[in-house]
Amino acid sequence: MRKAVSIIIYGLLMAIVYLVYTGVFSLVEIILSIAIGLIVAYIFAGDIITYPSKFSLSRIYHAIAYLIKYFTVIEARAHWSVMKIILSRNTSLKPAIVRVPFKANNPYTIVFVANSITNTPGTVVVDMDENKKAYYVHWLTPTSLTDDDAYRNISLEFEKHLTKVFE
Amino acid sequence: MRRSKSFLAICLITAISIVLILAFLLNISGLTTYGVNELTGLAKLFVLNIPDPTKPWSSHAFEIVTAILWDQRGLDTYFETSVLFLAIVASVALLSYYGRRHVHEGTGDGYTTMIVKVVTKLVVPIIAVVSASIAIHGHLTPGGGFQGGSVFVVAPVLMLLAYGSRFLSSRGFNELRLLAIRALSVTLIFVVGLLPVLYLLTHGTAYLFQNTYKPDSAFTYPYLIPTPIGMILTAGSIMIYNILEFFAVAAGFTLAILLLTREFERGDKK
């Protein structure tokens, strides 16, 4: 039952992608988009929907709240700090690749934290180790090279929010 | 320091003046506006007749390129599809391991991380949806069956790179099925093109790969279907061809890439 609901919601999301790409919002097009979205969702659901029983509205709420916070507050702060470095005359930068451990278990959490780190200016995930549970992050302005400090400065905020969404 | 600045200024001024002189010459010689306002004979015939439903030679399709490919030159496009089919058959004959016991299939574990795998998993359905839209609207907007199929093939390529060939075969995309889809689609394209000939035998004039009615032939595929939810413009057989070609191209290219990836994963092991 939960599985069917998950597939239908995923199919509707794919229908929205289809409609936005097509750019026509007539009734025929909407029916066609839902049909194609449900077919695609049915084919790929087995790989994408990993835990249908965990679906809940509070997770969607947390996801939207995180998206808004990420693209306004966190991105703006990161852009501002990198802009200051670019425009300053002081070029004594010492970038470093640091190891950032993670505690999450769900692949979606791990990947979205990694993508959040990469998408903020100043930090880029260059590699990861699934067995040692650590990212290797290129950090433009490292304040400390220990694992704990790197975790607190780079990924704590992302992981805190995304754990509520995916774990 | 001063010298390099003046050198830079001279360079800039030279570059800008060269661009301005070229633009001026092009404009005076009339090369920039050549042929924009007038069409040559064949182009005029196509552009004025194909999208206009009142004309007797209309294809009832707004995308003139796709209409020419499937209506005016339908037989030619059919043989192009057949050539591609033969190329796929040749690659299967060279690379296929169907029926052999020890087929080496990789899982992609050695060279991809979890990030690549999860992002691939999320992107693949979006590619599938977009390619379906390109194929279905082939008679209305730039696109069509071949283009949609080619876009779809990006999805199996990503899956093969991220997960290895075992993933695709375990989801039912094996050689025999893909080849069957390909062969069935090409056959159906030919059947759709052949239907007017059956009409010719029983009723009257019709042409091979005919789409809509012509001045001397009443045979037509339904090009504007009234439904309770609105009119659906199918442009006759063009939409059918596009959808069939989509499956043919998607299955054929997926098969070729699956076989090549398997060969790549096998490496030098014999």
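Analyst: A residue is buried if 20 or more other C-beta atoms, placed from the backbone, lie within 10 Å of its own, exposed if 12 or fewer, and partly exposed in between. By that criterion, 33% of the 270 residues of chain B count as buried. The model is predicted, with local features needing pLDDT of at least 70 and side-chain atom pairs counting only at pLDDT 80 or more, while totals for chains, interfaces and linings use all residues. Residues are numbered from 1 along each chain as its sequence is written, and chains are lettered from A and ligands numbered from 1 in the order in which they are written.

Helices (H or I, at least four residues) and strands (E, at least two) are DSSP runs numbered from the N terminus.

Beyond its neighbours within four places in sequence, A128(B) is in contact (C-beta atoms, placed from the backbone, within 7 Å) with V40(A), F152(B) and A155(B).

On the chain A side, the axes of α1(A) and α2(A) come within 7 Å and cross at roughly 130°. Axes are lines fitted to C-alpha atoms, for helices over the stretch in contact, and angles run from 0 to 180 degrees between N-to-C directions. The pair is therefore oblique, since angles under 35 degrees count as roughly parallel, over 145 as roughly antiparallel, 65 to 115 as roughly perpendicular and the rest as oblique. Residues of α1(A) in this contact include Y10(A), M14(A) and Y18(A), and those of α2(A) include I30(A), V40(A) and A45(A). By class, the contact of α1(A) with α2(A) has 16 nonpolar, four polar and one charged residue; here Ala, Val, Leu, Ile, Met, Phe, Trp, Tyr, Cys and Pro count as nonpolar, Asp, Glu, Lys and Arg as charged, and the others, Gly among them, as polar.

The side of chain A that touches chain B draws on these helices too. The contact between the chains takes 22 residues from chain A and 18 residues from chain B. On chain A, α1, α2 and α4 (107-119) each supply at least two residues, and the largest share, nine residues, comes from α2(A). That side of chain A comprises 17 nonpolar, three polar and two charged residues.

Chain B has nine helices and two strands, which run α-α-α-α-α-α-α-α-β-β-α from the N terminus. Among its contacts between residues at least 6 apart in sequence, 68% join residues at least 24 apart.

Within chain B, α9(B) packs against α4(B) and α6(B). The axes of α4(B) and α9(B) are 10 Å apart at an angle of about 25°, and the two helices are therefore roughly parallel. Here T81(B), L84(B), F85(B), I88(B), S91(B), V92(B) and L95(B) of α4(B) meet E245(B), A248(B), G252(B), L255(B), A256(B), L259(B), L260(B) and E263(B) of α9(B). This contact has 10 nonpolar, three polar and two charged residues. For α6(B) and α9(B) the angle is about 30° and the axes lie 7 Å apart, so α6(B) is also roughly parallel to α9(B). Their contact divides into 16 nonpolar, seven polar and one charged residue.

Two tyrosines of chain B complete the view. Y199(B), in helix α8, is partly exposed because 17 C-beta neighbours lie inside 10 Å. Y199(B) touches A206(B) and F219(B), not counting residues up to four places away. Y223(B), in the loop between α8 and β1 (224-227), is buried, with 22 other C-beta atoms within 10 Å. Leaving aside neighbours within four places, Y223(B) is in contact with H60(B), T212(B), L233(B), T234(B), A235(B) and G236(B).

Notes: Two residues are in contact if their C-beta atoms, placed from the backbone, lie within 7 Å.
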